[in-house]
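Here are a few notes from going through the model you sent over. Have it open alongside as you read.

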Amino acid sequence: MLRTNLEHVSTKEELQELIENNEKVAVCCGRMGPMCIPVYDIFEIFQDEYPDIQFRDMEFDIPDASVIRSLPECRSFNSLPFTIYYRNGKVVKATSSIQSAKQIKDIISEVFS
Amino acid sequence: MNQNSHFFDLIIIGAGPAGLATAIYTSRASISTLVIDQSSAGGQIKTTHQVANYPGFVEPVSGYELARNMRKQAEKYGTKFKLASEITAMNLEEVEKWVEIDSTRYTCKHVVIATGSSPRLLNIPGELEFKGTGISYCATCDGEFFKDKDIIVVGGGNSAMEESLLLLQYVKSITVIHQFDVLQAEKITADKIMQHPKVSILWSHEPRKFEKIGEKMVTVAENLKTKELVTLERDGIFIFVGMLPNIDLFKNLPLQFSPQGYIITNERMETNLQGVYAVGDVRDKPYRQITTAVGDGTVASLEVIRKN
């Protein structure tokens, strides 16, 4: 269970519904670890700054997180968290390991503007 | 002058325990306080699994919870936060000081620098390029991706060796690359590593570049004594080479720094710039703990309250 203030994605179906019904979605898939927590926190802060983007987290170890773990974009990833940006239901960016606020801001400008 | 301007008595740069402790005291004393951080609040403790030596907690407390509570406590007394924000310009040398974020100017009488320290990077080719796809900085996070694999650990200090002990639960072998010919870690930890059958150590070597060939990570390391280069092919690389003070923002200011780059203060946390204080891990001092950071913050806050 992720102890964050973000809304959690718990199932494949929830994720599918989320990306089908929202143009811009960012999901941070990880654990309560030192590389993941800063990304959840930054997502939380950015929720106010970017109200048009749906920010969520998903627990890496639940079976349904395979929907993220097995993405082709994540094939070479071996650091948590896996952070996926969806636009119109499609993956437009995926990152592995910790990202700074500036890096996330740059990605948002790149893929969501 | 920018159109958007905001005035505070105190601006704290950095939202770790030192900055938050300062903010709790000053806000409670009705000093208008703004805390700015390029990330979220909490500093290094928010990513610490458990804190067992912070007074007042009989059982270990999660670092994440402790950080959240410190922030909530500061907010409760009126501290304002500007988080995930980059300072783009500043002037701390005049009586009225200011910092700018996204073209908004924040003006104040006092500044407390509490930017902490960060894991040191090697800054060699390939390091950033392969972060997350072969290069890691966290054994607890990424160790299991390397189950039954051969890896390299760069570093020989306490954190490198403690993380190596954790990695040994997963990996087939570890090659430690260390710049000296003796491990710097505490003897009890160093002995466990040196006696472990899965570990080999490349003494007096430093990595010079990282490459990826197929699924394998290639490390080119230099023998510091003979200058010869060796090439090692493994499945992954973990880097633990100490901490550095976060002073990039202040490098162009006439602040006094120690030879290691930490900001020098007196016992009242005053720097050589009037009205500018430094607290926590960014300050030149012998011990860096949550408790010493909070202590620094307390001293600086009382000075600010006295002088405001």
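**Notes on strand S4(A) and on chain B**

1. Start at the turn: S4(A) and S5(A) form a hairpin with two residues between the strands, and Asn88(A) there has a positive phi near 50 degrees. Bear in mind throughout that this is a predicted model.

2. Now the strands on either side of that turn. S4(A) and strand S5 (residues 90-96) of chain A run antiparallel and are joined by six bridges. If you want one pair to click on, Phe82(A) has Ser96(A) as its bridge partner in S5(A).

3. S4(A) has another partner too: strand S2 (residues 24-30) of chain A pairs with S4(A) in the antiparallel sense, again over six bridges.

4. Why is strand S4 of chain A described as largely enclosed by the rest of the structure? Five of its six residues (82-87) are buried, so the strand has the rest of the structure around most of it.

5. On to the contact between chains: 21 residues of chain A are in contact with 20 residues of chain B. On the chain B side, helix H3 (residues 139-142) gives the most, with three residues. By type, that side of chain B has ten polar, six nonpolar and four charged residues.

6. Chain B overall: it has 19 strands and six helices, and its C-alpha trace spans about 60 × 45 × 35 Å along the principal axes. Of its 308 residues, 44% count as buried. Among chain B contacts with a separation of 6 or more, 62% are between residues 24 or more positions apart.

Definitions and conventions. Residues are numbered from 1 along each chain as its sequence is written. Chains are lettered from A and ligands numbered from 1 in the order in which they are written. This is a predicted model: local features need pLDDT of at least 70, side-chain atom pairs count only at pLDDT 80 or more; totals for chains, interfaces and linings use all residues. A residue is buried if 20 or more other C-beta atoms lie within 10 Å of its own, exposed if 12 or fewer, and partly exposed in between; C-beta atoms are placed from the backbone. Helices (H or I, at least four residues) and strands (E, at least two) are DSSP runs, numbered from the N terminus. Two strands pair if DSSP finds at least two bridges between them. Two residues are in contact if their C-beta atoms, placed from the backbone, lie within 7 Å. Ala, Val, Leu, Ile, Met, Phe, Trp, Tyr, Cys and Pro count as nonpolar, Asp, Glu, Lys and Arg as charged, and the others, Gly among them, as polar.
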